[in-house]
Amino acid sequence: MWRYLKRVLIGKPLKTLDEGQVHLTKFKALALLSSDALSSVAYGTEQITTVLVTLSAAAIWYSLPIAALVLILLVAITLSYRQIINAYPSGGGAYVVATENWGRTGGLVAGGSLLVDYMLTVAVSTTSGTEAIVSAVPQLYKYSVPISVIIVLSIMILNLRGLSDSANFLTVPVYFFIIMITAMIIWGFFNIATGHLTYHATASFGTPVAGMSAVLFIRAFSAGSSSLTGVEAISNAVPNFNEPKKKNAANTLAIMSLILAAFFGGITFFSYYFGIVPNSHATVLSQIGSVIFNGHGIGFYLLQLSTAMILAVAANTGFSAFPILAFNMAKDKYLPHAFMDRGDRLGYSNGIIALAIGAIVMILIFHGKTNMLIPLYAVGVFVPFTLSQSGMIIHWFRHRQGHWLGKSTINLVGALISACLVVFLFWQHFGNVWPYLIIMPALLFMFYKIHNHYIKVGMQLRIAEKTKVQLHDYDGSTVIVLIGNVTRVTKGAINYARSIGDYVIAMHVSFDENPGKEHKTANEFKAEYPDVRFVDIHSSYRSIAKPTLRFVDVVAKRAAAKNYSTTVLVPQFIPNKPWQMALHNQTSVRLRAALNSRENIVVSSYNYHLHE
């Protein structure tokens, strides 16, 4: 049943040779990797104006120079990540750049920040989409968290189906949103040019506003910079593109950034020109749409539908980039090697599932509240931005390749702005971002523990060059067969033990509950196998594992004195149907797990297969 359900949800397995067929064209990659960045224009301008109106509505004109600064930062980040794509085409983005140029700890800080940030990307996107749903159907408000969790699980299943299927699905909401925002901007400027829409700004550009300060300006700028989240995702997923990978990835990044810049700039301009003031009943984008489309007509509702759809699927950017980043860190031995395994559909399934679990945990911790997640989300973005762009400065000064001075200047601008934003976020939003100071040291500790484990394992397993491997020569073999009762399974196990062992011992654990039954078991065994030693170990506490371990330790010690090897044979029967396993106790599983803790003991299973 599980296999059938898996085939229905995920699809049939793909051959390894089919990998080239699941790579992305620019058209599909734009849908798959830009949903997070493009969806942020739905709330980026609103984040700026919400901060400014805390002073007064007249301060909204400051959103124009703030938007200009955000666009400058976008240009610097885009150019920087285009450089990263060309210099580090293996994927991994900021993690790879920071590791090479800032060292191991710098790379792990960048990688750890991005891992958490992708979880927050999924959490923020799904909670934003849920808020759009419950705004339309208020009766669902009390189910906000379960709805968010269902959305995460749905997108996880979509990504487990592979890159091609998820990209095909995402082309509809992403390109629908692109078409609607493009239509709104073009129609808005046309109506302004023809005089159908007039100027209603709350204050003229340049009007002095009493109380305006640099702190408030920077606070609004940091809030607006949330529109830049997701820009780095393409640089992390370069291996997923069609050949030539670097060129296609760089061009897709440029296209995405141009669309993002046009949308963010246009929406911010309309917000100022029409005098839009944020309120709790309607988003800034919906108010702009209402003005441009002349009320709540078909254009307005299509805009709202496209916005809700892209917010709901924006989480997919995290699902696309997280597995590649986890793969690169696992390859460097800082995450479990399971993140390097491909699933049935050639995606890194363990990374996809881990991301979904992490995002659900975030949603549960923050009770599905988007505004509580965004400051921590922004820190997770701008720390890697700072490390990657400053790392590229080191890269250019180290290699000095064509126009390196100009490129390093671009990186410097981006690094300085990003670093200032990180400092400001900790200063102004410490109450929301302090968990970063706990999460990051914990992640670094985990990364180093995993790395040290793999290094130690490698040293113990590696065969040194020019040395002969000294294998132990045993004079004989002792086999201990664990007996529950006398059955066909027992007979097969004893016969097998005789074929591989010089000395066979049958061991049984008995309890207080039914002493007559235990004597019967002993008598039956001795009658069947009079030449095999039968040992009955009594347990007063209904424990099988502990008496077994004590007996095996004693036998193994005596066997070693005779230069014998010791094998413990665990008999078990295998039901005909997988679901039938749940109807039987798992004593053999527990025994093998306990016995695996002992050195110099071979643990083996004897399987007897049932046919009905």
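Which residues does T126 touch, not counting residues up to four places away in sequence? T126 touches S148, I151, V152, L311, A315 and I363, where contact means heavy atoms within 4.5 Å. The model is predicted, so local features need pLDDT of at least 70 and side-chain atom pairs count only at pLDDT 80 or more, while totals for chains, interfaces and linings use all residues. Residues are numbered from 1 along each chain as its sequence is written, and side-chain values use heavy atoms, with hydrogens and water left out.

T126 is part of helix α7 (residues 104–136). Helices (H or I, at least four residues) and strands (E, at least two) are DSSP runs, numbered from the N terminus. T126 counts as buried because its relative accessibility is 0%. Buried means under 20% relative accessible area, exposed over 50%, and partly exposed in between (1.4 Å probe, protein chains only). Two backbone oxygens lie by the T126 side chain. That of V122 is 2.7 Å from a polar side-chain atom. That of A123 is reached at 3.0 Å. A polar contact is a pair of N or O atoms within 3.5 Å; within protein, one must be able to donate a hydrogen and the other to accept it, and residues adjacent in sequence count only if both atoms are side-chain atoms.

Two helix pairs were examined next. The axes of α2 (residues 26–33) and α12 (residues 245–273) come within 10 Å and cross at roughly 55 degrees. Axes are lines fitted to C-alpha atoms, for helices over the stretch in contact, and angles run from 0 to 180 degrees between N-to-C directions. The pair is therefore oblique. Angles under 35 degrees count as roughly parallel, over 145 as roughly antiparallel, 65 to 115 as roughly perpendicular and the rest as oblique. The crossing of α2 past α12 is right-handed, meaning that the near helix is turned clockwise from the far one by less than a right angle; anticlockwise is left-handed. K26, A29, L30 and L33 of α2 meet N248, N251, T252, I255, M256 and I259 of α12. By class, this contact has six nonpolar, three polar and one charged residues. Ala, Val, Leu, Ile, Met, Phe, Trp, Tyr, Cys and Pro count as nonpolar, Asp, Glu, Lys and Arg as charged, and the others, Gly among them, as polar.

For α23 (residues 545–561) and α24 (residues 587–595), the axes come within 10 Å and cross at roughly 45 degrees. α23 is therefore oblique to α24. This crossing is also right-handed. A545, T548, L549 and V552 of α23 pack against L591, A594 and L595 of α24. The contact has six nonpolar, one polar and no charged residues.

Most residues other than glycine have a negative phi, and most peptide bonds are trans. The E243 to P244 peptide bond is cis, with omega near -10 degrees. P244 sits in the loop between α11 (233–236) and α12. N563, not a glycine, has a positive phi of about 65 degrees and lies in the loop between α23 and β4. N600 has phi near 60 degrees. Its loop joins α24 and β5 (602–609). N600 counts as exposed because its relative accessibility is 68%.S565 lies in strand β4 (residues 564–574). S565 counts as buried because its relative accessibility is 17%. Leaving aside neighbours within four places in sequence, S565 is in contact with Y474, G476, S477, T478 and A559.
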